[in-house]
Number of protein chains: 2
Amino acid sequence: MTVENISPPTLEAKSDLPAIEFYFDFLSAFGYFASLRINQIAERHGRQVEWHCMLLGVSVMKVMGLKPLLETPLKGDYVRRDVPRYMRQHGLKVARQVSDPMMDPRAAARAFYWVKAFEPSLLENFSKVIFDSYWRLGNDLSDSEKIIELAGAVGVDPAALRSGLDSGTANELLRQSIGKSVDKGVFGSPFMIVDGEPFWGCDRLEMLDEWLLTGGW
Amino acid sequence: MTVENISPPTLEAKSDLPAIEFYFDFLSAFGYFASLRINQIAERHGRQVEWHCMLLGVSVMKVMGLKPLLETPLKGDYVRRDVPRYMRQHGLKVARQVSDPMMDPRAAARAFYWVKAFEPSLLENFSKVIFDSYWRLGNDLSDSEKIIELAGAVGVDPAALRSGLDSGTANELLRQSIGKSVDKGVFGSPFMIVDGEPFWGCDRLEMLDEWLLTGGW
């Protein structure tokens, strides 16, 4: 995916059905993988997708009191094996390895909430270009200037975003949103909520699909 | 399932293919659910099942340094919702609720390894009758005498098992086996290993099935 061929966002509501709430951390490989499939699932059921960025560093480490996944004995080893396995299964190739040093996700997360507040029609493409740059191309996006550049490529006014990041506005929007996601019980990436029903993990996308198809059980 | 209609174990190797290593904690609802499906998956691919009991209290709490799942903020709430949802999806009815007080799993786990060492042909039925009594019927099995009674019902000599539990033999067998499972990277319940490939979670049974069907990816 390049910036040029990201599809334009759908502004019109496709139906009166509630959207699928899609939570992810840009740092999360399975969040990225789910971002590549969530629109197709939503469209199949006449739903829209509401994109929500979260920070595992807040929900997992602070609220849940757990250590980072990759630093957890046994489970970290499993994840380092499971991520490339998923990619082989789905024919994905990315430059970033799950064991590579992670970016500081805060600039991306702050910019996400600024775009959501002030340029909501660009939010989906902004999210996709960040995921694509970080995971598929393997770029480090810790620096706000890199985020601003990518945002500019999908139509966000760079100067306005820079001002939002510098003034603390974006950070305050992020802080409030993270609090709301924790209040909703979101603790992993990806995490989907549809009609109040929570689904955690990329390997629950099939269950979500079946839930929407059948009306749940 | 009652003790009477548990099928006799298959003693003959069905093929030269390596068995599916199936790890579970009797305390684990998803371990129980997987135990109801693992044989069918194995049979479809000409494999046998090697039953391995483990203790999440050792691998998760001690080795991984995590708190118990149900006591983990946010995730515990999700699990309390996810377990009944799985049961509704699969038409299962059990007397035990996931939020009920848990048994002390050590008597069952020690007996498991004593049966494995001295009455291996009875191990599968022993495992199933424990799971059935604890989950479907909702019995507390913390007391060794209850384990011995259930073991007797599937053909284990009660006096010999009692002696193995009292002497510490069963405990030493358990201790060694738990160490081996941790060395193999097992950290959850259920956890399956086939041809060296690890699969964690009841919701990976479909992936395991497809892996065996296709030869992996």
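**Figure 1. Salt bridges across the interface of chain B and chain A.** In this predicted model, eight salt bridges cross the interface of chain B and chain A, a salt bridge being a side-chain nitrogen of Lys or Arg within 4 Å of a carboxyl oxygen of Asp or Glu. One of them joins the side chains of B:Arg204 and A:Asp82, with 2.7 Å from N to O. Local features need pLDDT of at least 70, and side-chain atom pairs count only at pLDDT 80 or more, whereas totals for chains, interfaces and linings use all residues. Residues are numbered from 1 along each chain as its sequence is written, chains are lettered from A in the order in which they are written, and side-chain values use heavy atoms, without hydrogens and water.

**Figure 2. The contact between chain B and chain A.** Chain B brings 32 residues to the contact and chain A brings 31 residues, where contact means heavy atoms within 4.5 Å. Together the two chains bury about 3,200 Å², 57% of it on carbon and sulfur atoms; buried area is the accessible area (1.4 Å probe) lost by two parts on being put together, summed over both.

**Figure 3. B:Ser181 in helix α9 of chain B.** B:Ser181 lies in helix α9 (residues 169–183) of chain B; helices (H or I, at least four residues) and strands (E, at least two) are DSSP runs, numbered from the N terminus. B:Ser181 counts as buried because its relative accessibility is 3%, the limits being under 20% relative accessible area for buried, over 50% for exposed and in between for partly exposed (1.4 Å probe, protein chains only). A polar atom of the B:Ser181 side chain lies 2.9 Å from the backbone oxygen of B:Ile178. Leaving out residues up to four places away in sequence, B:Ser181 touches B:Tyr23, B:Met54 and B:Val186.

Figure 4. B:Leu74, in the loop between α3 and α4 of chain B, has a positive phi near 70° and is buried, at 12% relative accessible area. B:Asp195, in the loop between β3 and β4 of chain B, has a positive phi of about 50° and is partly exposed, at 47% relative accessibility.

Definitions and conventions: A polar contact is a pair of N or O atoms within 3.5 Å; within protein, one must be able to donate a hydrogen and the other to accept it, and residues adjacent in sequence count only if both atoms are side-chain atoms.
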